[in-house]
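Take a moment to look over the chain before reading on. We will walk through it one part at a time, starting with its strands.

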Amino acid sequence: MPVEITWWGHATCTIEDSNVRVLTDPLFARRLAHLRRRRGAPPPPDARRADVALVSHLHADHLHVPSLARLPQGTRLLVPAGAPRAVPGLRRLTWLRVTEMAPGDVTSVGELTVRAVPARHDGRRLPVGPHRSPALGYVIEGEARTYFAGDTGLFDAMAKEVGPVDVTLLPVGGWGPYLGEGHLDAGRAAEALARLSPRSAVPVHYGTYWPIGMDAVRPHEFHSPGDEFARLAAERAPGVAVHRLAHGDSVRLGVAP
(Lines give C-alpha, C1' and ligand atoms only; values in the text may rest on other atoms or scores of the structure.)
Protein backbone atom coordinates (compact mmCIF):
# COMPACT_ATOMS: atom_id res chain seq x y z
CA MET A 1 0.00 0.00 0.00
CA PRO A 2 1.50 3.34 -1.00
CA VAL A 3 0.50 5.65 1.86
CA GLU A 4 -0.23 5.31 5.57
CA ILE A 5 -1.94 8.08 7.53
CA THR A 6 -1.84 8.33 11.33
CA TRP A 7 -3.95 10.96 13.09
CA TRP A 8 -2.52 12.14 16.40
CA GLY A 9 -5.24 14.74 17.04
CA HIS A 10 -6.15 18.26 15.91
CA ALA A 11 -4.21 18.88 12.65
CA THR A 12 -1.24 16.68 13.58
CA CYS A 13 -0.80 13.66 11.30
CA THR A 14 2.02 11.44 10.10
CA ILE A 15 1.97 10.61 6.39
CA GLU A 16 4.26 7.76 5.31
CA ASP A 17 4.86 7.49 1.57
CA SER A 18 7.83 6.23 -0.43
CA ASN A 19 9.75 5.52 2.81
CA VAL A 20 9.47 9.18 3.82
CA ARG A 21 7.75 10.33 7.03
CA VAL A 22 5.88 13.65 6.85
CA LEU A 23 4.52 15.30 10.02
CA THR A 24 1.81 17.97 9.76
CA ASP A 25 1.32 20.93 12.13
CA PRO A 26 3.03 19.27 15.14
CA LEU A 27 1.15 19.91 18.39
CA PHE A 28 2.15 17.71 21.31
CA ALA A 29 0.83 19.79 24.24
CA ARG A 30 -1.78 18.80 26.81
CA ARG A 31 -2.67 22.46 27.20
CA LEU A 32 -2.25 25.50 24.95
CA ALA A 33 -3.26 28.90 26.35
CA HIS A 34 -7.00 28.55 27.12
CA LEU A 35 -7.30 25.15 25.41
CA ARG A 36 -6.85 21.73 26.94
CA ARG A 37 -6.71 18.34 25.33
CA ARG A 38 -9.99 16.60 26.11
CA ARG A 39 -9.64 13.46 24.01
CA GLY A 40 -6.72 11.24 23.09
CA ALA A 41 -3.36 11.05 24.81
CA PRO A 42 -0.66 13.41 23.54
CA PRO A 43 1.32 11.85 20.68
CA PRO A 44 4.03 9.42 21.85
CA PRO A 45 7.73 10.24 21.40
CA ASP A 46 7.87 8.25 18.15
CA ALA A 47 5.43 10.74 16.59
CA ARG A 48 8.21 13.33 16.66
CA ARG A 49 10.26 11.30 14.20
CA ALA A 50 9.89 12.72 10.70
CA ASP A 51 11.95 13.47 7.63
CA VAL A 52 10.01 16.69 7.13
CA ALA A 53 7.45 18.63 9.18
CA LEU A 54 4.92 20.94 7.52
CA VAL A 55 3.49 24.08 9.14
CA SER A 56 0.38 25.42 7.45
CA HIS A 57 0.09 28.84 9.11
CA LEU A 58 1.22 30.88 12.10
CA HIS A 59 -1.64 30.37 14.58
CA ALA A 60 -0.25 28.86 17.78
CA ASP A 61 -2.27 25.64 17.50
CA HIS A 62 -0.55 24.98 14.14
CA LEU A 63 2.85 26.62 14.62
CA HIS A 64 3.62 25.59 18.22
CA VAL A 65 7.23 26.41 18.96
CA PRO A 66 7.58 24.11 22.05
CA SER A 67 6.35 21.17 19.95
CA LEU A 68 8.69 22.03 17.07
CA ALA A 69 11.52 22.19 19.60
CA ARG A 70 11.01 18.46 20.25
CA LEU A 71 11.75 17.48 16.66
CA PRO A 72 15.03 15.62 16.18
CA GLN A 73 18.28 17.12 14.92
CA GLY A 74 18.26 17.68 11.17
CA THR A 75 14.50 17.45 10.61
CA ARG A 76 13.42 19.56 7.66
CA LEU A 77 10.74 22.11 8.51
CA LEU A 78 8.61 23.81 5.86
CA VAL A 79 6.94 27.02 7.04
CA PRO A 80 5.03 29.84 5.37
CA ALA A 81 7.20 32.56 3.88
CA GLY A 82 8.02 35.20 6.49
CA ALA A 83 7.39 32.91 9.46
CA PRO A 84 10.87 33.22 11.03
CA ARG A 85 10.54 37.00 10.98
CA ALA A 86 7.03 36.92 12.46
CA VAL A 87 7.75 34.23 15.10
CA PRO A 88 11.16 34.88 16.69
CA GLY A 89 11.09 31.53 18.51
CA LEU A 90 11.54 29.79 15.17
CA ARG A 91 14.96 31.34 14.76
CA ARG A 92 16.17 29.62 17.92
CA LEU A 93 15.48 26.15 16.49
CA THR A 94 18.89 26.03 14.87
CA TRP A 95 19.03 22.21 14.72
CA LEU A 96 16.11 22.16 12.26
CA ARG A 97 16.53 22.83 8.53
CA VAL A 98 13.93 25.52 7.87
CA THR A 99 12.60 26.28 4.39
CA GLU A 100 10.13 29.10 3.76
CA MET A 101 7.33 28.31 1.31
CA ALA A 102 4.86 30.42 -0.69
CA PRO A 103 1.95 29.19 -2.81
CA GLY A 104 3.31 27.39 -5.87
CA ASP A 105 6.70 26.58 -4.33
CA VAL A 106 7.86 22.96 -4.68
CA THR A 107 10.59 21.13 -2.80
CA SER A 108 11.85 17.55 -2.73
CA VAL A 109 12.19 15.31 0.33
CA GLY A 110 13.64 11.94 -0.59
CA GLU A 111 11.38 10.51 -3.29
CA LEU A 112 8.55 12.91 -2.42
CA THR A 113 7.74 16.31 -3.82
CA VAL A 114 5.93 18.78 -1.60
CA ARG A 115 4.00 21.65 -3.18
CA ALA A 116 2.58 24.59 -1.24
CA VAL A 117 -0.94 25.62 -2.25
CA PRO A 118 -3.11 28.55 -1.15
CA ALA A 119 -5.50 28.37 1.79
CA ARG A 120 -8.38 30.72 2.59
CA HIS A 121 -7.47 31.55 6.18
CA ASP A 122 -6.06 34.35 8.31
CA GLY A 123 -2.33 33.75 8.31
CA ARG A 124 -1.37 36.21 11.06
CA ARG A 125 0.35 35.03 14.22
CA LEU A 126 -2.14 36.87 16.42
CA PRO A 127 -5.78 37.89 15.87
CA VAL A 128 -4.54 41.44 15.20
CA GLY A 129 -1.44 42.67 13.47
CA PRO A 130 0.12 42.73 10.01
CA HIS A 131 -0.28 39.96 7.46
CA ARG A 132 3.30 38.76 7.10
CA SER A 133 2.83 35.15 6.01
CA PRO A 134 0.37 33.28 3.82
CA ALA A 135 -1.77 30.43 5.11
CA LEU A 136 -0.90 27.29 3.16
CA GLY A 137 -2.00 23.80 2.34
CA TYR A 138 0.40 21.21 0.99
CA VAL A 139 0.21 18.49 -1.66
CA ILE A 140 2.60 15.63 -0.94
CA GLU A 141 3.29 13.50 -4.01
CA GLY A 142 5.01 10.13 -4.03
CA GLU A 143 3.23 6.88 -4.72
CA ALA A 144 0.06 8.78 -3.76
CA ARG A 145 -0.92 12.44 -3.95
CA THR A 146 -2.03 13.59 -0.50
CA TYR A 147 -3.55 17.00 0.22
CA PHE A 148 -3.10 18.40 3.73
CA ALA A 149 -5.41 21.41 3.85
CA GLY A 150 -4.19 23.00 7.11
CA ASP A 151 -6.95 25.47 7.97
CA THR A 152 -8.98 26.82 5.10
CA GLY A 153 -12.39 27.90 3.98
CA LEU A 154 -13.89 27.02 0.63
CA PHE A 155 -12.72 29.10 -2.31
CA ASP A 156 -13.60 29.04 -5.98
CA ALA A 157 -10.18 27.98 -7.24
CA MET A 158 -9.64 25.22 -4.65
CA ALA A 159 -9.80 22.29 -7.08
CA LYS A 160 -7.62 24.10 -9.63
CA GLU A 161 -4.99 25.13 -7.08
CA VAL A 162 -4.83 21.74 -5.37
CA GLY A 163 -5.05 19.66 -8.54
CA PRO A 164 -5.80 15.93 -8.76
CA VAL A 165 -5.27 14.11 -5.45
CA ASP A 166 -5.80 10.62 -4.11
CA VAL A 167 -6.13 11.41 -0.39
CA THR A 168 -7.37 14.51 1.45
CA LEU A 169 -6.79 15.47 5.09
CA LEU A 170 -9.56 18.01 5.65
CA PRO A 171 -10.41 20.06 8.74
CA VAL A 172 -14.03 19.50 9.75
CA GLY A 173 -14.33 21.40 13.05
CA GLY A 174 -12.36 23.54 15.45
CA TRP A 175 -11.48 24.09 19.08
CA GLY A 176 -14.49 26.12 20.14
CA PRO A 177 -18.25 26.27 19.78
CA TYR A 178 -18.15 28.65 16.82
CA LEU A 179 -16.17 28.59 13.59
CA GLY A 180 -15.34 31.90 11.97
CA GLU A 181 -14.72 32.69 8.33
CA GLY A 182 -11.87 30.79 6.76
CA HIS A 183 -12.73 27.41 8.26
CA LEU A 184 -14.40 24.23 7.08
CA ASP A 185 -17.17 22.72 9.16
CA ALA A 186 -18.52 19.27 8.33
CA GLY A 187 -20.81 20.57 5.59
CA ARG A 188 -18.25 22.80 3.89
CA ALA A 189 -15.65 20.03 4.14
CA ALA A 190 -18.08 17.66 2.37
CA GLU A 191 -18.50 20.28 -0.36
CA ALA A 192 -14.69 20.55 -0.64
CA LEU A 193 -14.58 16.78 -1.01
CA ALA A 194 -17.08 16.92 -3.86
CA ARG A 195 -14.94 19.52 -5.64
CA LEU A 196 -11.63 17.70 -5.13
CA SER A 197 -12.88 14.16 -5.89
CA PRO A 198 -10.14 12.15 -4.16
CA ARG A 199 -10.39 8.41 -3.60
CA SER A 200 -10.08 8.71 0.19
CA ALA A 201 -10.50 11.31 2.93
CA VAL A 202 -9.51 11.57 6.59
CA PRO A 203 -11.28 14.21 8.73
CA VAL A 204 -9.02 16.12 11.12
CA HIS A 205 -9.03 19.29 13.25
CA TYR A 206 -11.87 18.36 15.60
CA GLY A 207 -12.54 16.48 18.81
CA THR A 208 -9.18 17.13 20.48
CA TYR A 209 -8.90 20.57 22.12
CA TRP A 210 -11.64 22.61 23.79
CA PRO A 211 -11.60 25.84 25.82
CA ILE A 212 -11.19 25.39 29.56
CA GLY A 213 -14.49 25.86 31.37
CA MET A 214 -16.62 25.41 28.24
CA ASP A 215 -17.27 21.67 28.47
CA ALA A 216 -21.02 22.18 28.63
CA VAL A 217 -21.21 24.81 25.86
CA ARG A 218 -22.49 23.26 22.62
CA PRO A 219 -20.67 19.96 23.32
CA HIS A 220 -21.95 18.46 20.06
CA GLU A 221 -19.59 20.85 18.26
CA PHE A 222 -16.73 18.97 19.93
CA HIS A 223 -17.96 15.39 19.56
CA SER A 224 -19.90 15.23 16.30
CA PRO A 225 -18.01 16.79 13.35
CA GLY A 226 -16.28 13.56 12.26
CA ASP A 227 -19.52 11.58 12.09
CA GLU A 228 -21.37 14.48 10.50
CA PHE A 229 -18.68 14.84 7.85
CA ALA A 230 -18.87 11.13 7.03
CA ARG A 231 -22.66 11.35 6.72
CA LEU A 232 -22.61 14.42 4.46
CA ALA A 233 -19.73 13.08 2.39
CA ALA A 234 -21.75 9.98 1.63
CA GLU A 235 -24.47 12.26 0.19
CA ARG A 236 -22.32 14.77 -1.70
CA ALA A 237 -19.28 12.70 -2.68
CA PRO A 238 -20.46 9.09 -2.57
CA GLY A 239 -17.45 7.81 -4.48
CA VAL A 240 -15.01 8.89 -1.74
CA ALA A 241 -14.07 6.50 1.07
CA VAL A 242 -14.07 8.39 4.39
CA HIS A 243 -11.81 7.02 7.13
CA ARG A 244 -12.77 8.43 10.52
CA LEU A 245 -9.80 7.68 12.77
CA ALA A 246 -9.54 7.64 16.53
CA HIS A 247 -6.57 9.45 18.06
CA GLY A 248 -3.43 7.48 17.33
CA ASP A 249 -5.09 5.24 14.74
CA SER A 250 -3.70 4.63 11.24
CA VAL A 251 -5.10 3.70 7.86
CA ARG A 252 -3.29 2.31 4.81
CA LEU A 253 -4.60 3.54 1.49
CA GLY A 254 -4.07 2.52 -2.11
CA VAL A 255 -4.43 4.60 -5.25
CA ALA A 256 -6.07 4.05 -8.59
CA PRO A 257 -4.18 1.66 -10.90
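Two strands pair if DSSP finds at least two bridges between them. Keep that rule in mind as you look at this model, which is predicted.

Start with strand S13, residues 167-171. On one side, S13 pairs with strand S12 (residues 145-148). Three bridges link S12 and S13, and the sense is parallel. One place to look is threonine 146, whose bridge partner in S13 is valine 167. S13 also pairs with strand S14, residues 200-204. Here there are five bridges, and again the strands run parallel. Find proline 171 and you can trace its bridge partner in S14, valine 204.

How many of the residues of S13 are buried? Five of its five, so the strand is mostly covered, since buried means under 20% relative accessible area. Now look at where the side chains go. In a regular strand the side chains alternate between the two faces of the sheet. In S13, Val167, Leu169 and Pro171 point one way. Thr168 and Leu170 point the other way. Residues on both sides are buried.

Zoom in on threonine 168, which sits in S13. Is threonine 168 buried or exposed? Its relative accessibility is 0%, so threonine 168 counts as buried. What does threonine 168 touch, leaving out residues up to four places away in sequence? Its contacts are Tyr147, Leu193, Leu196, Pro198, Ser200, Ala201 and Val202.

Next, move to strand S11, residues 136-141. S11 is mostly covered too, with five of its six residues buried. Strand S10 (residues 112-118) pairs with S11 in the antiparallel sense, over six bridges. Among the residues involved, arginine 115 has valine 139 as its bridge partner in S11. S11 is also joined to S12, by four bridges, and these two strands run antiparallel. A hairpin of three residues connects S11 to S12.

Now turn to the nonpolar cores. The largest one has 52 residues. Which residues have the most contacts inside it? They are Tyr138, Ile140, Tyr147 and Phe229. Helix H4, residues 186-196, gives the most to this core, contributing six residues. Another core lies apart from it and has 19 residues, including Ala50, Ala53, Ala83 and Leu96.

Go back to isoleucine 140 and look at its surroundings. Setting aside neighbours within four places in sequence, isoleucine 140 is in contact with Ile15, Val22, Leu54, Leu112, Thr113, Val114, Arg145, Thr146 and Phe148.

Last, look at the aromatic rings. A pair of aromatic rings is described by the distance of the centres and the angle of the planes. The count here comes to one aromatic pair. The partners are tryptophan 7 and tyrosine 206, with ring centres 5.3 Å apart. Why is the pair called stacked? Its planes lie at 15 degrees, and planes under 30 degrees apart count as stacked.

Tryptophan 7 has 1% relative accessibility, so it counts as buried. Tyrosine 206 is at 2% relative accessibility, so tyrosine 206 counts as buried as well.

How values were computed:
Residues numbered from 1 in each chain as written. Predicted model: local features only at pLDDT ≥ 70, side-chain atom pairs only at ≥ 80, totals over all residues. Heavy atoms only, no water. Buried < 20%, exposed > 50% of the residue type's maximum accessible area, 1.4 Å probe, protein only. Contact = heavy atoms within 4.5 Å. Core = buried A, V, L, I, M, F, W, Y, C linked by side-chain atoms within 4.5 Å. Phe/Tyr/Trp six-rings, centres within 6.5 Å; stacked < 30°, edge-to-face > 60°.
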